[in-house]
Amino acid sequence: MLYSSISALRASVMFTTIRRYRLALLWAIYFGVLFGSRRFVELNMVRHMVWQFPALIIGGFRLGKYLPACWRLNFERYDQLGLSGMALFMATTSIWMIPLVIDLAVQIPFIDAIKFISLWLTGLVLSQSWQRAGDAVQAFFLMSWAMMVVTIGMLYQETEIRLCSSYLTNEQADAGTGLMMTASMLVVIWFFRLFHCSHQLEMSAVLAKKGRG
C-alpha cells in the first residue's frame, strides 16, 4: 500500500516535471523562431505586420492560461470587466502601426526588442481581460479595434506616398489589405462563436425541458 502510494507520487512528480520542461522547450522554440526569423520577416511589410504582430500577441495570449492563480487575482483588482487590459491592447497595437514607429523598429534593434516585448505582454494581459469581459464588452472592444485597423489598412492601401521609408508603396498596399482582412476575419470568427454558443445553450435548454417532461 505504502509502496504503491510512493510510486504514484513519483509518477505524478515526474509527469509534472516533464510537462514543465516540455512547455519551457516549446516556448524557447517559439521565441527562437520569432527572433531568428526577424530579419527575414521584417524585410516585407506584410510579413512584418500581418504575420509577426499576431504571432507575438497570440503567443502571449496562449501563455496567459499558465499564469499562477495569485497573479490573476492581483491583476483582477485593476482590470474590472477586462477594460484595462483591452485599453492597453488598443493603445499598444495602434502605436506599433504608426509608419514612423514601424521604421524605427526595422532600423533600430533596441526599438524592435521593445516591440517584441510589448506586443507579447499585451497578448498576455489580454488573455486575462478577455476572460473577465462579457459578450457585450467583447463586442464593443472588438468592433472598435477592428474599425481602427480597417481605417489604418485603408490608409496604407489607398495612399500613393511612401509612409514607411523601409517599404515600397506596393508593400504598403498589400499590408493594408492584409490588415483589413485580418480584422474582418476576427470579427466574423467572434460572431460565429457567439451564435454557436447561443445555439448550443438553446439546444441544451430544449433537451433539459424534454427530459423533465
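## Lys 115 and Asp 112

In this predicted model, Lys 115 and Asp 112 sit 3 residues apart in helix H7, so about one helical turn separates them. Their side chains meet in a salt bridge, with N to O at 2.7 Å. Both Lys 115 and Asp 112 are buried.

The structure holds 6 salt bridges.

## Asp 79, tucked into a loop

Asp 79 is found in the loop between helix H4 (69-76) and helix H5 (83-95). With a relative accessible area of 0%, Asp 79 counts as buried because the cut-off is under 20%. Its side chain meets that of Arg 132 in a salt bridge (2.8 Å, N to O). That pair links distant parts of the chain, since Arg 132 belongs to helix H7, 53 residues away from Asp 79.

A polar atom of the Asp 79 side chain also lies 3.0 Å from the backbone nitrogen of Ser 84. Leaving aside residues up to four places away in sequence, Asp 79 touches Ser 84, Gly 85, Gln 128, Ser 129 and Arg 132.

## Tying H8 to H9

Asp 135 and Arg 193 form another salt bridge, with the closest N and O atoms 3.8 Å apart. Asp 135 is in helix H8 (residues 135-158) and Arg 193 in helix H9 (residues 169-212), so this pair ties together parts 58 residues apart in sequence. Asp 135 is partly exposed at 41% relative accessibility, and Arg 193 is partly exposed at 34%.

## A nonpolar patch outside

Helices H6 (99-107) and H7 (109-132) each supply at least two of its residues. Leu 100, in helix H6, is exposed at 58% relative accessible area.

Note on methods
Residues are numbered from 1 along each chain as its sequence is written. This is a predicted model: local features need pLDDT of at least 70, side-chain atom pairs count only at pLDDT 80 or more; totals for chains, interfaces and linings use all residues. Side-chain values use heavy atoms; hydrogens and water are left out. Helices (H or I, at least four residues) and strands (E, at least two) are DSSP runs, numbered from the N terminus. Buried means under 20% relative accessible area, exposed over 50%, partly exposed in between (1.4 Å probe, protein chains only). A polar contact is a pair of N or O atoms within 3.5 Å; within protein, one must be able to donate a hydrogen and the other to accept it, and residues adjacent in sequence count only if both atoms are side-chain atoms. Contact means heavy atoms within 4.5 Å. A salt bridge is a side-chain nitrogen of Lys or Arg within 4 Å of a carboxyl oxygen of Asp or Glu.
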